[in-house]
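Here is a short report on a ligand site and on ring pairs. Look at the structure first, then read on.

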Amino acid sequence: MKRILITIAIGVAAMSLCACVGGKKAEAADSKTPAEIMLARLQKLQQDSLTAFGHHDDTAYGRYWEYMPDSSDVKTVSGDYPAVMNWDLGWIETGADKQLDGVPFEFIKAEIVKQDARGGMNALSWHLRNPLTGGDSWDNANDSTLAVVMRDKAMTDTLRKWIGMTADFIGDLRDKDGKRIPVMWRPWHEHTGEWFWWGINHGSADDYKNLWKLTREVFDDKGIDNVVWVYSPDKSNVNSYEDYMQRYPGDNYVDVMGADVYYFDGPDADSIFFDRIDKTLGAAVRAAKEHGKVAAFSETGFEGLPSSDWYMTRLMRVLDKYNVAFVTVWRNSNTKPNHWYTPYPGHPGVKDFKEFHDNAKTVFCKEMSKL
Ligand code: BMA
């Protein structure tokens, strides 16, 4: 009897571990979905107290260049590509060829294939347009967009179609053998802030949870099995664990508990940053532990990087305190003034970044390929 109970318990535990990754389960018990394979790699990072380094739009452009094959500021400075490359699907919903920062979707697809072949990982965010006003993600002209979109059938249908376009793009990511490439998918991010139309002031907690449910439904209906789902509140309005969890859609929808916390200059910059880290990333790590998920520092950085030691003195301090499977910093723009987040050749922080790369805790692409 005892043995039967144990067997049942193990079975239930295994089922709940696989509860959310990637949609329809693979038929054969021993064949893992691409999402399950990626989740296992993230769990391994966490178990080994390692943190994979991620960078947005890494090989698309850098501080002084754009679209030079296989170029990367991170690689030029540190000797290796980041372990995680983040890409954004904003404007895919309009049928455009390029996303909101001008990166062609076909380019993104090709780079995802390359990064996967190197043994690295890819992640996707989505700064989509406002379906109600036609404006961008930041358009809050109608401050109840989220509520309207989730409660009006025609609007929800539009959104369903848009979500379907992201699902088709993701489902179409295949390696040279035709196998689907796993990605971390981080929709509806920074929803605790006010700036996006899906943000905290623009609808109820239920509207936000329904947004996740709708997204998941669309992906599942299309049989997408290569997505690891990342939940990523921003530090704004997160002063407690309860604030962090307030709009959490539920364990069946999320694999990774993230937190987006940027470093902003000014008086008391350090104390403000580390306080926000404790509140938001601290909540993510606790939530991951309590809900059997992976923890991540899903977005951070110091805009313009006006520092020669930020990586080792600030970011490393966070990583030493909080065990997260990956950390992602934002893009090195060559067109937007003062908008870069990693050192580039000639930047005073090059030595610091090399040390960050060499540190035993951080994982870049070559090491990631072995995990
Ligand atoms: C923001 C900025 C914007 C950009 C958006 C999506 O944080 O970098 O310039 O359009 O991310 O990449």
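Predicted model: local features only at pLDDT ≥ 70, side-chain atom pairs only at ≥ 80, totals over all residues.

The shell around the ligand divides into 3 nonpolar, 3 polar and 3 charged residues. Here Ala, Val, Leu, Ile, Met, Phe, Trp, Tyr, Cys and Pro count as nonpolar, Asp, Glu, Lys and Arg as charged, and the others, Gly among them, as polar. The shell consists of His56, Leu100, Asp101, His127, Trp138, Trp330, Arg331, Lys336 and His339.

Residues are numbered from 1 along each chain, and side-chain values use heavy atoms, without hydrogens and water.

The protein covers 82% of the 310 Å² of accessible area (Shrake-Rupley, 1.4 Å probe) that the ligand has on its own.

The whole structure holds 34 aromatic pairs, with ring centres within 6.5 Å; planes under 30 degrees apart are stacked, over 60 edge-to-face, the rest tilted. Phe105 and Phe169 are edge-to-face, because their ring centres are 6.1 Å apart and their planes at 70°. Phe105 lies in helix α4 (residues 105-117) and Phe169 in helix α6 (residues 153-171), so the pair ties together parts 64 residues apart in sequence. Helices are DSSP runs (H or I, at least four residues), numbered from the N terminus.

Definitions and conventions:
Near = heavy atom within 4 Å. Phe/Tyr/Trp six-rings, centres within 6.5 Å; stacked < 30°, edge-to-face > 60°. Helix = DSSP H or I, 4+ residues; strand = E, 2+ residues; numbered from the N terminus.
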